[in-house]
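Dear colleague,

Please find below the structure that I am handing over to you. My notes on it follow directly after.

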Amino acid sequence: MGSDTGFQDFDRQDRTYLPVEERKTNYREFTIPLTTKELANQAARCIDCGIPFCHTGCPVNNIIPDFNDLVFTDDWRAASEVLHSTNNFPEFTGRVCPAPCEEACTLNLHDAPVTIKSIEYSIVERAWDEGWIRPQIPARRTGKRVAIVGSGPAGLAAAQQLARAGHRVMVFEKNAKVGGLLRYGIPDFKLDKRVIDRRMAQMQAEGVAFFVNSYVGHNVSIEALVDDYDVVVLAGGSEYPRDIDVPGRELQGIEFAVPYLAQQNRRVSRENLPAGLDTSAEGKHIIVIGGGDTGSDCVGTTNRQGAASITQLEVLPRPTEQPDKLLTCPTGPKSCVPPRPTKKAVTGGGRCSPSRSRDRTGRSTRFMASSSIGRMSTGAGP
Ligand SMILES: Cc1cc2nc3c(=O)[nH]c(=O)nc-3n(C[C@H](O)[C@H](O)[C@H](O)COP(=O)(O)OP(=O)(O)OC[C@H]3O[C@@H](n4cnc5c(N)ncnc54)[C@H](O)[C@@H]3O)c2cc1C
Ligand code: SF4
């Protein structure tokens, strides 16, 4: 541990955001990274716990105290090596991971965890800038052939590990571009798609071959894959949306989130839209049902498309302003931005409590917690 007193010497400081009015005008990422000096101070706050709860809070068990220390001692290259030893794609997680490591951090007991996610982001971006991330070409080929179906983060991580182990890896993706929901679900303002292309190029140099517009079970036969490859990895994700069975569900103008978000991502990357799919929120009054990450992405996207109003409905009770620290992953402590005084926003939901919440784009949105989305949908009417 580099500093004995860092957690007392420095307050928590995190990345900031571009002004709302500026970022609403485009789909670009809007975080402003910390400087090298600020990052060293933040890394110095880590107390290198005997039992590092951050490490087990992290779904990929990133070795967080070690890379914090290496950032503090200005050995960024070694920090990148430690980070990549457990995580194939820190540039994705440093942008969009919900950071359960920070929820688990000992310093979160008094609401000021180490800014682990921002440190992770800066380590990997610096490693790319400095040219430290190079193809890792295996010294020996095994002669085995592996087919991977699906190029989301699961398929990509499997492909990279298997290629580095010396196997011939081929990834089959039904869409026109690689990345799964990183590409077609998560909006560009949270994850710039050039970040995926940059990693793909490294993987191609490591020997991974990508076949796009290759829909296994349709234009690529399953039998051919099973016959031609030693192993077939299924990494097709989970593509069925959860519907709600309420009166009025059959009305026009109700969209599932992912096809809607995918359209906008395709527009940003100048891809052709699938026939019959061209929806925009411009000038419309929008209701987003669901208050999680996907709902938040819909708020950010409809906002950028110029919606006349956006109302977000959530079936769970409104989170408390102070999280319950004893709740841990996967039931992460949740808290709510304190509401600002506001007029009652939407009619028809008598028992809901309207408040304002901030989505990750910084947009202040009407937010209503209810015990029944069905009742809200019927009452408010989309
Ligand atoms: C809108 C949205 C926002 C999200 N935001 C976040 C976030 O901020 N942070 C976070 O951690 N997680 C987020 N997630 C969750 C995250 O994106 C998923 O958990 C992750 O992408 C799952 O990875 P995967 O590789 O299993 O599947 P996917 O990403 O779904 O990839 C599966 C791939 O398989 C392809 N495929 C399927 N069937 C076939 C076939 N027969 N032939 C060929 N290809 C096929 C699909 O086209 C797709 O490209 C979000 C999800 C959504 C929908
Ligand atoms: S829990 Fe927090 S303070 Fe402890 S080692 Fe992890 S990052 Fe450092």
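Where is N61 found in the chain? N61 lies in the loop between α4 (53-57) and α5 (64-72); helices here are DSSP runs of H or I with at least four residues, strands are runs of E with at least two, and both are numbered from the N terminus.

Before I continue, a word on conventions. This is a predicted model, in which local features need pLDDT of at least 70 and side-chain atom pairs count only at pLDDT 80 or more, whereas totals for chains, interfaces and linings use all residues. Residues are numbered from 1 along each chain as its sequence is written, while chains are lettered from A and ligands numbered from 1 in the order in which they are written.

**The chain as a whole**

The secondary structure comprises 16 helices and ten strands. Of the 382 residues in the chain, 37% are buried; a residue is buried if 20 or more other C-beta atoms lie within 10 Å of its own, exposed if 12 or fewer, and partly exposed in between, with C-beta atoms placed from the backbone. Among the contacts in the chain with a separation of 6 or more, 66% are between residues 24 or more positions apart. Two residues are in contact here if their C-beta atoms, placed from the backbone, lie within 7 Å.

Most residues other than glycine have a negative phi. N61 is a residue other than glycine whose phi is positive, near 55 degrees. N61 counts as partly exposed because it has 13 C-beta neighbours inside 10 Å. D74, also not a glycine, has a positive phi of about 65 degrees. D74 is placed in the loop between α5 and α6 (76-84), and it is partly exposed because 13 other C-beta atoms lie within 10 Å.

**The unit built from β3, α10 and β4**

β3 (145-149), α10 and β4 (168-172) form a right-handed β-α-β unit. A crossover is right-handed if, with the strands pointing away from the viewer, the path from the first strand over the helix to the second runs clockwise. β3 and β4 run parallel and are joined by five bridges; strands pair if DSSP finds at least two bridges between them. V146 stands opposite V169 in β4. β3 also pairs in the parallel sense with β6 (residues 231-234), over four bridges, and the partner of A147 in β6 is V232. Four of the five residues of β3 are buried, so the strand is mostly covered.

The expected span is 1.5 Å times one less than the number of residues. The buried residues of α10 are P153, G155, L156, A159, Q160, L162 and A163. Their cover includes α7 (90-96), β3, β4, α11 (181-184) and α12 (194-205). Just after α10, G166 takes a positive phi of about 100 degrees.

Leaving aside neighbours within four places in sequence, I186 is in contact with V96, L181, L191 and D297. I186 and A262 are 76 residues apart in sequence and 8.2 Å apart in space, C-alpha to C-alpha.

D297 is one of the buried residues of α15, together with S296, C298, V299, G300, T301, T302, N303 and R304. The 13 residues of α15 reach 18 Å from first C-alpha to last, close to the 18 Å expected at 1.5 Å a residue. Just after α15, G306 takes a positive phi of about 90 degrees.

**The two ligand shells**

A residue is near a molecule if its C-beta atom, placed from the backbone, lies within 6 Å of it. Of the 30 residues around ligand 1, G150, G152, G180, G236 and G237 come nearest. α10, α11, α14 (257-268) and α15 (293-305) each supply at least two residues of this shell. The shell around ligand 1 divides into 15 nonpolar, eleven polar and four charged residues; Ala, Val, Leu, Ile, Met, Phe, Trp, Tyr, Cys and Pro count as nonpolar, Asp, Glu, Lys and Arg as charged, and the others, Gly among them, as polar.

Of the 15 residues around ligand 2, C46, C49, P52, C54 and C105 come nearest. α5 gives the most to this shell, with three residues. By class, the shell around ligand 2 has twelve nonpolar, two polar and one charged residues.

With kind regards
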